[in-house]
Amino acid sequence: MLKLNFPTYTFRFKNNENKVSIFDEIRKKFIILTPEEWVRQHVVHYLINEKKYPKSLINVEKVLTVNGLRKRYDVVVFNSDGSIHILVECKAPEVRISQATFDQIARYNMTMQARFLNVTNGLNHYYCQMDFENEKYQFLPSLPDYNIIK
């Protein structure tokens, strides 16, 4: 797999019927390794190892309903009260981050109301803080560390 713009992490892999899988620390199972999954697993390790978010507050690949349609988010970090702190949209490294990507996460966030958004293809990372009161957002250099929000 392609080297991504993240620190180096140790992953567990297994090969079954010529398909490589990667172990997901959150879902506690092996997942078929696609380019997007490679990015998703780096995001999870980044949140746990660099930003110090507890695994218990991280959720991966769950269904949500947006405008009556079933969609699937990539990564969510919850606050201890169950509200959503961070919403992450992952794309494969060869997918260019475009306005359509930001529109997608914005649509999801109309339902989810996350305070922070992260869009990444593993090579380019974008972070925003939402200001719902003034209906604006501000780009940030990175996501906040867990100890800042406790």
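Me: Which residues gather in a patch of positive charge on the surface?
Reply: The model is predicted: local features need pLDDT of at least 70, side-chain atom pairs count only at 80 or more, and totals for chains, interfaces and linings use all residues. Numbering runs from 1 along each chain as its sequence is written, and side-chain values use heavy atoms, leaving out hydrogens and water. A charge patch joins like charges within 9 Å, from residues with over 30% relative accessible area and no salt bridge (Lys or Arg side-chain nitrogen within 4 Å of an Asp or Glu carboxyl oxygen). The positive patch on the surface consists of K29, K62, R70 and R72.

Me: Is K62 buried, partly exposed or exposed?
Reply: K62 sits in strand β4, residues 58-66 (strands are DSSP E runs of at least two residues, helices H or I runs of at least four). Buried means under 20% relative accessible area and exposed over 50%, with a 1.4 Å probe. Because its relative accessibility is 41%, K62 is partly exposed.

Me: What is the relative accessible area of D24?
Reply: D24 belongs to strand β2, residues 19-24. This residue is buried, its relative accessible area being 0%.

Me: How far apart in space are D24 and R40?
Reply: D24 and R40 are separated by 16 residues in sequence. From C-alpha to C-alpha, the distance between D24 and R40 is 9.3 Å.

Me: In what pattern do the helices and strands follow along the sequence?
Reply: The protein has 3 helices and 9 strands. Along the sequence, their order is β-β-β-α-β-β-β-α-β-β-β-α.

Me: What share of the residues in the protein is buried?
Reply: The C-alpha trace spans about 50 × 35 × 25 Å along its principal axes. Of the 150 residues, the buried share is 47%.

Definitions and conventions. Patch = residues over 30% accessible without salt bridge, like charges linked within 9 Å, V, L, I, M, F, W, Y side chains within 5 Å. Areas by Shrake-Rupley, 256 points an atom, 1.4 Å probe, with all protein chains shown as cover. Lys, Arg positive; Asp, Glu negative; His and termini not counted. Charge placed at Lys NZ, Arg CZ, Asp CG, Glu CD.
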